[in-house]
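User: Could you walk me through this model with a few questions and answers?

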Amino acid sequence: MKRSTLHNSGSNSASSAGLKKLVDGVHKFQLEHFEENKLLFERLSHGQKPQVLMITCADSRIDPNLITASQPGDLFIMRNVANLVPKFHLNAETEAGAVIEYAVSVLGVAEIIVMGHSDCGGMKAVLHPEKLTSLPAVSSWLNHATAGTLATEATTANCSCCDESQQLLETTNNNIVLQLANLATHPSVAAAMAQGKLHIHGWNYQIENGSISYFDQDRKHWCQL
Ligand SMILES: [Zn+2]
């Protein structure tokens, strides 16, 4: 396999160092991981049949395959700021709507997981919207999470003991529950769920210790996975 040489285009050194690390990583992947897993990649070259759609945050610290010890081909993944799922609106197609429809109606995934995480910048911004005045696109996007914040305020209104980290956890959890409700508004999801072919799940991943909690939808309670 021919190796490319990384040329310095004159951009700043931090950017070049970041790119060089990736190019070195590509070569390492080709020499090691790809060679060791040739049969897997040969099989995947003919098509995909993932069982799970994971909807998670764009945050660089979240690696869905790593934290679930899964392989290429196992997860269909949609990522955006704060793992949001806009409600379905007829004649208002969104990227999320297309990903969900394709995953459910074409790939036939049996599970959808909405996964939030600790220290989420999107959730912090929801709690402090005054910091978003110079970020109109982010501010507008986070409107899809507003109801989750209102739920947090309702939960903590009578609680004087809740500190910032507890409030962030509550908001993140409430946002995940809200996105599950939004997810169910999509016709492909609603139909597959009604037929018992699809289940949806809310997960919250903690970066600091690798743990994941899940939302028990029957008991309306968060538990450790
Ligand atoms: Zn995030």
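User: How many helices and strands does the chain have?
Analyst: Keep in mind that this is a predicted model. Of its 225 residues, 26% count as buried. The secondary structure comes to nine helices and six strands.

User: Which strands stand at the edges of the open sheet?
Analyst: The six strands form an open sheet with mixed pairing, in the order S2-S1-S3-S4-S5-S6. Two of them each have a single partner strand, so one side of each is left without a neighbour in the sheet. Those edge strands are S2 (75-80) and S6 (221-224).

User: What is the bridge partner of Val114 in S4?
Analyst: Strands of a sheet can pair either parallel or antiparallel, through backbone hydrogen bonds. Here S3 (residues 111-117) and S4 (residues 199-205) run parallel, joined by seven bridges. In S4, Val114 is partnered by Gly202.

User: Is Leu168 buried, partly exposed or exposed?
Analyst: Leu168 sits in helix H8, which covers residues 164-183. A buried residue needs 20 or more other C-beta atoms within 10 Å, while an exposed one has 12 or fewer. Leu168 has 18 C-beta neighbours inside 10 Å, so the label is partly exposed.

User: Which residues does Leu168 touch, not counting those up to four places away in sequence?
Analyst: Leu168 lies 48 residues along the chain from Cys120, yet their C-alpha atoms are separated by 8.4 Å. Leaving out residues up to four places away in sequence, the contacts of Leu168 are Met123, Lys124 and Leu127.

Terms used. Residues numbered from 1 in each chain as written. Predicted model: local features only at pLDDT ≥ 70, side-chain atom pairs only at ≥ 80, totals over all residues. Helix = DSSP H or I, 4+ residues; strand = E, 2+ residues; numbered from the N terminus. Contact = placed C-beta atoms within 7 Å. Pairing = 2+ DSSP bridges.
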